[in-house]
Amino acid sequence: MLTGIEEVDWASLGHAYGPADDVPELLRGLASADPAERETALDGMYGAVHHQGDVYDSTLACIPFLLELVADPAVQDRGCIVELLTSIGGIELDDDEELDEIDPDDEEFIPAANYAMAAAAIAAGADVFLGLVSDPDLEVRLAAPCALASLHPEPARVLTLLRERLTVERDTEVRLALVAAVGRIALRHASLRTETVEWLGWLARAAQDPGLRLAALAQRARCAPGDIPDDIVPWVTGLLEEIRTSALGTTAPGIERAATPTLIGQVRELLEEHAAGRPAPWTEELLRTLHAALDDRVDDRIALVLAQLRSPDWGQRSDAIWLCGGLIRIWRGRYEEVVRLVGAQLDDPEPRLREAATSFLERLFELGAPAADALAARLAVGPATGSGGSTRSGTGTTRGGGAQGSGLGGGPQNGFVGRSGRDGALLALARAGDTRAVPLLARALEEHEVRRELLYAMDGLGPSAAMLAPLLRRRLAEVELDERLYDRAAPLLYALAAVRGSQAVPEVLRVLRGAPANRRDWVRESALRTLAAFGPAAQEAVPDMRGLLAADSATVATTAARALWAAEGDLGEVLTALERWLRPGSSGADWCSAAQALGEIGPAAASAAPALRPGLASRDLWVRVRSAAALWRVSGDAAAALPVLLSAWEENRHARVDVAECLAEMGPAASEAQLIILTELTRRRRHNAREGASGSHDVHLDEKLLTVCRAALARMERGAF
């Protein structure tokens with residue numbers, strides 16, 4: 001086994017962490033009789049030799065040995081090695097000519113060539129995968145279909161084999177893998193697509209197994225998204241009900257593995273926990289495929305989620321929540337009933353369902369209002385029963401141990417797990433702007449350390465949150481003036497500004513004056529922002545504000561100017577301090593800080609208009625936006641500001657909230673922006689939607705854009721401010 005491994009000069013090859021002289025040990029580890037050693041070796045392959053999907057020269061050198069391991073039935077966990085090979089060889093370039101268009105001296109050329117060589121090398125040995133579809137090892141049979149669909153150079157031959165194998169395979173998950181591979185071939189090879197789509201349509205109606213019918217339907221939708229039937233929702237809902245009733249009293253069989261302190265081991269355990277106690281955990285991936293195919297058919301997707309949320313099966317309800325998390329993040333729609341039903345899951349006895357519901361609601365902000373009653377009711381339950389922490393339920397586990405397994409697209413690894421419980425429910429309630437959160441926040445501030453996001457959520461609670469000021473003041477007084485000051489004080493300072501807790505001026509000054517060298521400017525800026533929010537009540541801090549006008553940091557100096565203006569209303573030193581950052585040579589960030597400060601001062605700073613005008617022609621988009629907004633706010637010059645704002649709207653979607661706010665202030669003066677505002681309001685896709693990535697405030701920011709756009713349009717149509 002591994003013949004010739006010593007003949008390779010591994011030290012001259014490289015991987016993510018340097019010379020590849022440790023690769024022979026990893027390859028031998030994959031063939032070890034010790035399961036922990038095998039998993040550690042696999043983790044090393046993904047971590048170094050195939051780091052984040054990269055293909056190095058050492059990766060190429062591994063391919064013959066990996067194929068040899070896959071072909072040897074004495075090697076255990078070969079399914080994981082098949083998945084590794086599929087990942088290494090499955091990266092597709094747009095076309096073969098792409099390599100010819102890349103400059104050989106460009107450092108990007110070598111990785112691109114490596115991907116092509118990896119695909120060619122594995123394709124040359126891909127016949128080894130043909131026999132694996134009938135391998136006695138279940139995990140091998142699970143991994144082989146995707147490898148064949150992705151890597152074998154004869155797709156028609158593979159398609160025939162997969163369809164034939166489906167008639168004799170008896171394991172449910174392997175059958176689903178066979179159908180998924182058929183769909184993958186149809187997507188990759190247009191010449192085979194029509195017949196494959198027809199076959200998938202036939203299978204969706206003819207198969208006896210409802211899971212197989214659902215898989216065929218999902219793949220048909222994926223391959224022909226423009227031809228999805230209108231009755232897709234009742235069709236899928238009916239199949240889910242058949243799956244539920246046929247699986248009653250059963251749990252998915254699992255494959256036991258030794259625990260290892262590896263990333264792969266941690267992911268595997270997470271997937272096992274997510275699937276534990278569920279008879280058909282694979283439905284989640286099928287529905288994810290179907291949702292992706294439905295894409296902008298938002299109403300159908302919402303209807304499907306609603307049907308799942310009403311299911312007696314807690315697993316289907318959990319899947320619906322995870323799926324809706326992606327839906328609501330990308331698409332605008334009517335989610336009131338969805339949110340209400342998710343809130344109803346907070347009272348379910350299954351902790352993983354409560355976990356999913358809480359995590360989903362945390363990110364909704366104002367859209368979470370329909371669940372406010374459920375959140376408040378859940379928070380009224382004692383901490384011992386309302387914790388909502390994840391626990392394992394049942395004995396079932398998922399199958400497949402590789403880090404590239406199909407389950408990695410599922411729910412709990414999207415950054416939600418471990419963040420729910422009582423604080424999560426309270427955060428969701430506070431972000432929804434429900435004042436019932438205020439006394440609960442007070443109790444939390446009195447009793448224990450508070451999650452920082454809760455402190456940043458206080459700005460939406462209105463005047464009722466003023467009662468929190470004494471507690472926040474006490475907390476700020478207890479913060480040590482050490483190297484961790486910023487991390488500990490910044491959320492408290494933000495919260496004090498939100499509740500206008502001006503009685504805390506002495507404590508804020510203590511932080512401002514005692515800021516250590518580490519992140520000193522950040523600490524000062526945070527403290528000054530809080531003082532600015534206090535307005536004239538911060539008179540005691542005026543000497544400190546005045547002293548920081550000359551700070552070397554633009555953010556500190558400009559924030560000090562804003563705080564001084566808010567406290568005294570005297571422009572004497574303020575304009576001079578701000579205009580020094582509006583000069584040739586200032587960085588874009590410094591210019592933006594000064595422009596924003598002038599905009600907040602408004603018409604009183606009209607004399608600064610000439611200093612702002614050069615920013616309208618800057619190459620930096622944000623300098624143009626900040627300058628245009630500030631120019632309007634100080635001088636009312638819409639003729640100069642509006643073209644810049646409209647150009648920025650089209651150039652960078654992330655500028656739209658700021659631009660819309662200024663357009664709303666302009667009212668009739670921005671009437672020529674009506675078309676772009678109307679266009680934005682009719683779009684279904686969120687302006688800041690990103691595939692494969694998300695931020696906790698994405699939905700909130702898009703909803704804010706819609707709110708501001710409606711306000712802007714109303715003011716334009718009324719012809720008055």
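Trainee: How do you know that residues 95-102 call for caution?
Mentor: This is a predicted model, and pLDDT is the predictor's confidence in each residue, from 0 to 100. Over residues 95-102 the pLDDT stays under 50, and the model gives this stretch eight contacts beyond four places in sequence. Residues 384-420 also have a pLDDT below 50, with 105 contacts beyond near neighbours in sequence. For the protein chain, the mean pLDDT is 89, and 90% of the residues reach 70 or more.

Trainee: Why are α2 and α12 called roughly perpendicular to each other?
Mentor: Good one! Their axes cross at roughly 105 degrees, and angles of 65 to 115 count as roughly perpendicular. The pair α2 and α12 is therefore roughly perpendicular. The axes of these helices, residues 35-49 and 263-275, come within 8 Å.

Trainee: Which residues meet there?
Mentor: Glu 39, Leu 42, Asp 43 and Tyr 46 in α2 meet Leu 263, Ile 264, Gly 265 and Arg 268 in α12. By type, this contact has four nonpolar residues, one polar and three charged.

Trainee: What makes helix α1 mostly covered?
Mentor: Buried means under 20% relative accessible area, and six of the eight residues of α1 (residues 23-30) are buried. They are Val 23, Pro 24, Leu 26, Leu 27, Gly 29 and Leu 30. These buried residues pack against β1, α2, α3 and α4.

Trainee: And which residues of α16 are buried?
Mentor: In α16 they are Val 338, Val 339, Leu 341, Val 342 and Gly 343. Their packing partners are α14, α15, α17 and α18.

Key: Residues are numbered from 1 along each chain as its sequence is written. This is a predicted model: local features need pLDDT of at least 70, side-chain atom pairs count only at pLDDT 80 or more; totals for chains, interfaces and linings use all residues. Side-chain values use heavy atoms; hydrogens and water are left out. Axes are lines fitted to C-alpha atoms, for helices over the stretch in contact, and angles run from 0 to 180 degrees between N-to-C directions. Helices (H or I, at least four residues) and strands (E, at least two) are DSSP runs, numbered from the N terminus. Angles under 35 degrees count as roughly parallel, over 145 as roughly antiparallel, 65 to 115 as roughly perpendicular and the rest as oblique. Contact means heavy atoms within 4.5 Å. Ala, Val, Leu, Ile, Met, Phe, Trp, Tyr, Cys and Pro count as nonpolar, Asp, Glu, Lys and Arg as charged, and the others, Gly among them, as polar. Buried means under 20% relative accessible area, exposed over 50%, partly exposed in between (1.4 Å probe, protein chains only).
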